[in-house]
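This report covers the pockets of one protein model. Please look at the sequence and structure first.

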Amino acid sequence: DKNGNSIGTRVDYQIIGIEPGAGIMSQTKKAIKDYQLKDWQLQEGSSAAMAAELDKAYQNKKPIIVTGWAPHWMFSTYDLKFLKDPKDSYGAVEDIHTIVRKGLEKDAPGAYTILDQFTWKPADMEKVMLDIKKGTDPAKAAENWIKANGEKVGQWTKGAQAGNGETVNLVYVAWDTEIASTNVIGKVLEQNGYKVKLSQVEVGPMFAGVANGSVDGMVAAWLPSTHKEFYKQYKNDIVDLGSNLHGTKNGLVVPEYMDINSIEDLK
Ligand code: PBE
């Protein structure tokens, strides 16, 4: 309803979004349709700007609605909740897949094996994300985690031929989840004889680069829903090495102190 105290009025009918190409942005547009939130607007921006706005609102106990995802450091930094999504606009719990270019297995078999064997848990990723959030340089945060998790890393490198200084080009988008994972796997490849180059790109070019072979791979494909359009477009030109993490979630996120619990409450 539109009376003065409605949640819409209090947040100016704004949902704070992130980069326009992100899957969570299309999912949110779908949610706006599915729940008939016709007065609402999805604000485009960046993951960093979204986090800054959330922080500002939270410090002032102001209402705010953001597009959010887990794993994320924000859940251990603030008391937050996902709004319930009974219409399933955001899909179910997902996996993050590792995807490499055709020919990598032949050109850099050790790197291929390590990328193929890379798998960890949401709690692992969260540790790295939180370290970065606290100000540690991403490469250093990756090193810290690797040092503390030798056994896990040993499973990824098991049986992998060492590199000979070949360059491995990895691409990623500046989402906090992907900054963490890409730095960790990049550092592991480096420690196994490869020269690693990390490039930050937009989500479309990330898939396109692996598909056209101009880069070697990425660990950032959220499937089956978030990136399904990209996956559909490029699936014949890429090598999908399967899940590197199970248990992600996308949705609308608000501070616990807000008195709404479901996307339906926005109507
Ligand atoms: N995210 C983080 C991405 C995938 C990784 C949820 C912001 C997206 O929406 O495309």
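## Terms and basis

A pocket here is an open set of points on a 1 Å grid over the protein atoms alone, where a 1.4 Å probe fits and protein lies on both sides within 12 Å along at least five of seven lines; lining residues have an atom within 4 Å of a point. Grid points are joined across faces, edges and corners, and a volume is the space filled by probe spheres set on the points.

The model is predicted, with local features needing pLDDT of at least 70 and side-chain atom pairs pLDDT 80 or more, while totals for chains, interfaces and linings use all residues. Residues are numbered from 1 along each chain as its sequence is written, and side-chain values use heavy atoms, leaving out hydrogens and water.

## Largest pocket

The largest pocket has a volume of about 250 Å³. Its lining comprises 14 residues, and Ser26, Gln27, Ser225, Thr226 and Lys228 lie nearest the centre. Helix H2 (23-34) and helix H12 (228-234) are the elements that each give two or more residues to this lining; helices are DSSP runs of H or I with at least four residues, strands runs of E with at least two, numbered from the N terminus. H2 gives the most, with four residues.

## Second largest pocket

The second largest pocket holds about 200 Å³ of space. Residues lining the second largest pocket include Val11, Gln14, Glu53, Lys56 and Ile65. Strand E1 (14-16) and helix H3 (47-59) are the elements giving two or more residues to that lining, and the largest share, three residues, comes from H3.
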